[in-house]
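Here are my notes on this model, point by point. Please read them with the structure open.

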Amino acid sequence: KRIWGADDVAGIIKDGDEYKIILEGNESGDTKELTQMIMQDILYHKDTGVNFIVKDLGRKNSPVAVVEAASLFLMLFALCGAVIGFNIIEEKESQTLSALSVTPMKGYEYIIGKSLIGILIPLALGYVLIWLLGIKNVDSEKLFLMTLCGTIIAVLVGFIVGSLSGNQIAGIANLKVLGIILSGSVVGSLM
């Protein structure tokens with residue numbers, strides 16, 4: 001069954017005392033030769049003079065996981081900021097802000113209310129993100145502090161996008177520009 005697939009796979013079966021190679025016929029030219037070389041090495045093993053040593057460097061995680069985690073955290077902050085920004089844009093378009101201006105709500109209460117999404121979601125999802133990436137040795141207090149400081153990015157991105165954009169399309173354009181600026185920190189850390 002496996003041989004009839006679209007890729008180059010050869011089958012090897014034992015028929016009595018001999019082995020047979022089964023090919024579909026549409027494999028690349030090297031498939032038959034490589035399969036014969038493997039069978040020859042299994043049946044008539046000889047020392048080829050090639051030595052190799054396998055070393056365990058003791059790394060359990062990929063070295064890319066740290067950069068990936070930083071990039072995903074930055075994206076988490078930017079997306080939560082986008083939620084804040086687009087909520088503000090939607091209130092501007094539906095003229096809810098003018099209705100809110102006549103209520104007894106203070107300005108700082110509005111800012112705190114809008115900022116809660118950009119603060120609470122990253123705090124919760126930060127731990128989920130670390131768990132999904134399989135990073136085990138993380139100091140929970142430092143992660144909480146780092147995420148709390150990073151929420152400033154989310155709130156700033158949200159209010160910048162919300163205040164500079166008159167409609168949803170302009171919000172997307174402003175978010176792209178801010179995304180380029182924010183990704184500079186990750187690119188700069190790699191250089």
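1. Surface first. The accessible surface of the protein chain is about 13600 Å². Carbon and sulfur atoms make up 65% of that area. Bear in mind that this is a predicted model. Of the 191 residues in the chain, 25% count as buried.

2. Secondary structure. The chain has six helices and two strands. Their order along the sequence is β-β-α-α-α-α-α-α. Among contacts with a separation of 6 or more, 63% join residues 24 or more positions apart.

3. Helices α2 and α4. Helix α2 covers residues 64-93 and helix α4 covers residues 107-133. Their axes lie 9 Å apart, at an angle of about 155°. An angle over 145 degrees counts as roughly antiparallel, and α2 and α4 are therefore roughly antiparallel to each other. The crossing of α2 and α4 is right-handed.

4. Residues between α2 and α4. On the α2 side, the contact residues include Leu 72, Phe 73, Leu 76, Phe 77, Cys 80, Val 83 and Ile 84. Glu 68, Asn 87 and Glu 91 are also among them. From α4 come, among others, Tyr 110, Lys 114, Ile 117, Ile 121, Pro 122, Leu 125, Leu 129 and Leu 133. By class, this contact has 17 nonpolar, four polar and three charged residues.

5. Gln 95. Is Gln 95 buried or exposed? Its relative accessibility is 57%, and the cut-off for exposed is over 50%, so Gln 95 counts as exposed.

6. Helices α4 and α5. Helix α5 spans residues 140-164. α4 and α5 pack at an angle of about 140°, with their axes 8 Å apart. This pair is therefore oblique. The crossing is right-handed.

7. Residues between α4 and α5. Among the α4 residues here are Ile 111, Ile 119, Leu 123, Tyr 127 and Ile 130. Gly 118 and Gly 126 also take part. The α5 side includes Leu 143, Phe 144, Leu 148, Ala 154, Val 155 and Phe 159, along with Ser 140, Thr 147 and Thr 151. The contact of α4 with α5 has twelve nonpolar, six polar and one charged residues.

8. Residues to inspect in α4. Lys 114, Ser 115, Gly 118, Pro 122, Gly 126 and Ile 130 are listed in the contact with α2. These α4 residues are also listed in the contact with α5.

Methods. Residues numbered from 1 in each chain as written. Predicted model: local features only at pLDDT ≥ 70, side-chain atom pairs only at ≥ 80, totals over all residues. Heavy atoms only, no water. Helix = DSSP H or I, 4+ residues; strand = E, 2+ residues; numbered from the N terminus. Buried < 20%, exposed > 50% of the residue type's maximum accessible area, 1.4 Å probe, protein only. Contact = heavy atoms within 4.5 Å. Areas by Shrake-Rupley, 256 points an atom, 1.4 Å probe, with all protein chains shown as cover. Axes fitted to C-alpha atoms, helices over the stretch in contact; angles between N-to-C directions. Parallel < 35°, antiparallel > 145°, perpendicular 65-115°, else oblique. Left-handed = near helix turned anticlockwise from the far one by under 90°. Nonpolar A, V, L, I, M, F, W, Y, C, P; charged D, E, K, R; others polar.
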